[in-house]
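Please open the structure in your viewer and keep the selection tool at hand.

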Amino acid sequence: AIVYLTEPIAPAIEPIKQLASGYVLFAFIISLAREIIKDIEDEKGDAATGCKTLPVVAGTKIAKFLVFALVLLLLVSIIMIQIASKQWDARISFIYVIIFIEIPLLLLLISTLIASSQSDFARCSILSKVIMVTGILSMPVFYYSLN
């Protein structure tokens with residue numbers, strides 16, 4: 001994303017534009033989902049101190065549904081990109097995405113649905129952080145698997 005913003009010719013190069021947009025959207029969606037998860041985790045304390053977080057204002061069920069929807073959107077988007085780009089032709093990156101991004105996203109979906117305690121949401125938060133890291137680490141995987 002930094003190359004896209006700082007290199008004058010980058011916006012004119014469609015693959016760079018698509019790649020930067022993809023990583024920016026991935027980072028935004030997974031970060032937003034994690035922040036909501038952390039708010040659910042801290043709901044009792046936030047309510048006691050008068051904070052107006054989503055779980056406090058709208059309730060845990062709605063907050064969980066929003067996290068579920070965001071993670072599902074991310075997962076479906078990644079799968080659609082894989083299909084559109086025929087990513088299976090680049091086996092290393094394809095396998096990386098399945099093992100280190102899609103399966104953890106699926107686990108996050110399930111974990112969020114069944115989470116009920118503060119410790120459950122803490123685990124969901126950690127899993128979302130792991131997904132963030134593996135998403136970032138996919139950059140060199142893509143670079144070296146395409147060369």
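Two rings of Phe, Tyr or Trp, taking the six-membered ring for Trp, count as a pair if their centres lie within 6.5 Å. With that rule, a search of the whole structure, which is a predicted model, finds 2 aromatic pairs.

Select Trp88 and Phe94 to see one of them: the ring centres are 6.4 Å apart and the planes stand at 85°, and because an angle over 60 degrees counts as edge-to-face, this pair has that name. Trp88 is partly exposed, with a relative accessibility of 39%, and Phe94 is also partly exposed, at 22%.

Now select Tyr96 and Phe100, whose rings form a tilted pair with 4.9 Å from centre to centre and 40° between the planes. Both residues belong to helix 6, which covers residues 91–114, and they sit 4 residues apart, about one turn of the helix. Is Tyr96 buried or exposed? Tyr96 is buried, since its relative accessible area is 11% and the cut-off for buried is under 20%, whereas Phe100, at 41%, counts as partly exposed.

Finally, select Gln82, which you will find in helix 5, residues 60–85. With 6% relative accessibility, Gln82 counts as buried.

How values were computed. Residues numbered from 1 in each chain as written. Predicted model: local features only at pLDDT ≥ 70, side-chain atom pairs only at ≥ 80, totals over all residues. Heavy atoms only, no water. Helix = DSSP H or I, 4+ residues; strand = E, 2+ residues; numbered from the N terminus. Buried < 20%, exposed > 50% of the residue type's maximum accessible area, 1.4 Å probe, protein only. Phe/Tyr/Trp six-rings, centres within 6.5 Å; stacked < 30°, edge-to-face > 60°.
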